[in-house]
Amino acid sequence: MANKIPRVPVREQDPAIRATNFEEVCYGYNLEEARLEASRCLDCKNPRCVAACPVGLQIPRFIAALHAGDLPLAAEVIAADSSLPSICGRVCPQESQCEGACILGIKGEPVAIGKIERFIGDWKLENPTAEAAATTPRNGHKVAVIGSGPAGLACASDLAKWGYEVTIFEALHQVGGVLVYGIPEFRLPKERIVAREIGNVERLGVKFETNVIVGRTVTIDSLLDEEGFEAVFVGSGAGLPRFMGIEGENLNGVVSANEFLTRANLMHAYDANYDTPIYVGKRVVVVGGGNVAMDAVRTAKRLGAEATIVYRRSEKELPARVEEVHHAKEEGIEFRMLTNPVAILGNEQGWVAGIRCVEMELGEPDESGRRSPVVKAGSEFEIEADVVIMALGTSPNPLIASTTAGLETNRRGCITADEQGQTTREGVFAGGDAVTGAATVILAMGAGRKAAKAIDAYLKSKA
Amino acid sequence: MYKILEKKLLAENIYAMRIEAPRVAHAALPGQFVIVRADATGERVPLTIADFDPNEGSVTIVIQTLGVSTRKICALEAGEYLSDFAGPLGRPSEFVHEPIEELQKRRFVFIGGGVGTAPVYPQVKWLHEHGVAVDVIIGAKNRDMLIYTEEMARVCNTLHITTDDGSAGSKGLVTAKLEELITAGNHYDECVAIGPMIMMKFVALTTLKYALKTTVSLNALMVDGTGMCGACRVTVDGKTRFTCVEGPEFDAHKVDFDEAMRRQGMYRSQEQRAAAIEAEREAGHKCRIGLDK
């Protein structure tokens, strides 16, 4: 019986050692382990995992192909729906998507779909095949893609495969978006994985132009009217950090998770060969419970600080991937649940000295279905800290919408777009976090691909 | 890669560089800035735009060597390349969006302090080209540290110079010169001051007395310069603002300068350490107490 085999454990770096380095935590499966794990799949008639995947990956099909030892087929099955399997295998919240729906999970442990996907993705990166698209004749139609994160890369790849001349405009000096500035090396290796995925997009004929801030350097109108682009895809992400609006938030030592992670990841501040400074201090408190909070707190730990998570709900509500919370705990991160900051305390020189918190308890469920936290009366207490990192979520940058006539946004600042990515302005499409607000890599990738189809249809209808 | 077309030493440790950057030159307006990275390991350094020429596709920046990163940029020569040059960033000066006939009725006084004189120039030049009368006060430590005096003289009505030691112009601070002009009967509708934070603070305190509308351009710390990191947070009128996307120009009478000055020092100890290591390295000294680790 296939399901009698326990889930194949994945090899990981020792927690005590990895808490001092930036090497990838998880080593992943080798072929033998991946095939053994693949043998656990029941190949259900009605695969619930597929229904639970935001892009409908044909999971039982690629698992069966791997089990049969046909890696090229496995890679091909994934490629039909996903252009970034090495990345999604590492960063998707599998426990609430595919693996959360796996029938084996009801009584035991679900198939390790994420780890299998990662194995196949990495195999494909190691064994590249000549892409048919490299020889696809260019059709002479130019499309501009704004942002080189998951949404933009996915959109650009598909369009290039179909013969479009695609240019990706990136505001920063390096392409990759959140994959480069946000997610740390220890969770997503930059050279081995991200750079190669981007290299694949480049080989499809996509051009990249860095240091172009759309809304400042150029505008959507100038791209359409002066530079000859016939359609634009906006995949500019959700880059604006939120703060709490509490007392002491502008003290020296209070930073957004975006700033802390950008210094560490994009600017390599932890590497003495790079010039960008980072301030870590001795005691770091990270406010928030999502993946970004986990990334920030584990980065602080690796830089030598005592690192604590402060989160206003209970552990059950932590929005971070289960694996990240587990890894963080193994690495010695302190978790203070049901705790909410009310003020940041400073010393005489204006530097952070601590953080005043209140204890919370869970009340009635709110509109998101999560029980909303309520302050426990008289529960104020202080935590010593010299750095406070705010990881409270992000919202889309208003720069593009505010400089593009006819491009509407909702009250949260997200660009209004339909299922296919069509915005309120003709010829302008959007997808990913710029439309949904901060979400996942796979949703952004899916949105990029849907928009590519819509752009193709739009440009064909115009021809 | 962005070619350095020309490099000039303006004063001790202050250089002007004309950079080939057609997209930035085409889009730039007075009041905006760029982010510059010297090479692949460099920091992203925000620098104000001192001039731009859309026809040539060039942008001029003026840099004072203050730390490792600015020294790295200044070590490059004409014909060499900057790794990155992103912009224009920030909002243009408010006056570029106002009706010209309204502007022409107004009288502006600009104050440039030290290296802050450079970003004053494109604003004065723009107003001059649009027929608006502008007086300028340039302040510096001494005669050798004065920059942009000739360029400025060509585009303003009256140029006043002050130095700390009186080696050029009148001896004293820019604020004293401003008060002298006002009490002598000069009427100004608007003041723009760009320079060290402490100078801008005292200009703001001075003009408040005369209810003279004053704008300052803040040189806050930044990483990305596009609104992503929030390192450039500044309190204006009791509210937190991001200098990179909501500034860099703000109403001087509403800026919390003390907080802004404190926040500029956030990475000072690291910067000083880096500079010390760099100096030792240049001197061929190997650190024995592990500061270079």
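How far apart do the C-alpha centres of domain 1 of chain A and domain 3 of chain A lie? They lie 31 Å apart. The model is a predicted one, in which local features need pLDDT of at least 70 and side-chain atom pairs count only at pLDDT 80 or more, while totals for chains, interfaces and linings use all residues. Residues are numbered from 1 along each chain as its sequence is written, and chains are lettered from A and ligands numbered from 1 in the order in which they are written.

Begin by selecting the domains of chain A, whose bounds come from an automatic or database domain assignment: domain 1 (2–127), domain 2 (137–239 + 395–462) and domain 3 (243–392).

Helices (H or I, at least four residues) and strands (E, at least two) are DSSP runs, numbered from the N terminus.

Finally, select the open sheet of seven strands in chain B, ordered 11-10-9-8-12-13-16 with mixed pairing, where two strands pair if DSSP finds at least two bridges between them. Strand 11 (170–171) and strand 16 (249–251) of chain B stand at the edges, each with a single partner strand, so one side of each has no neighbour in the sheet. Within this chain, strand 8 (residues 108–113) and strand 12 (residues 190–194) pair in the parallel sense over five bridges, and B:Phe108 has B:Glu190 in strand 12 as its bridge partner.
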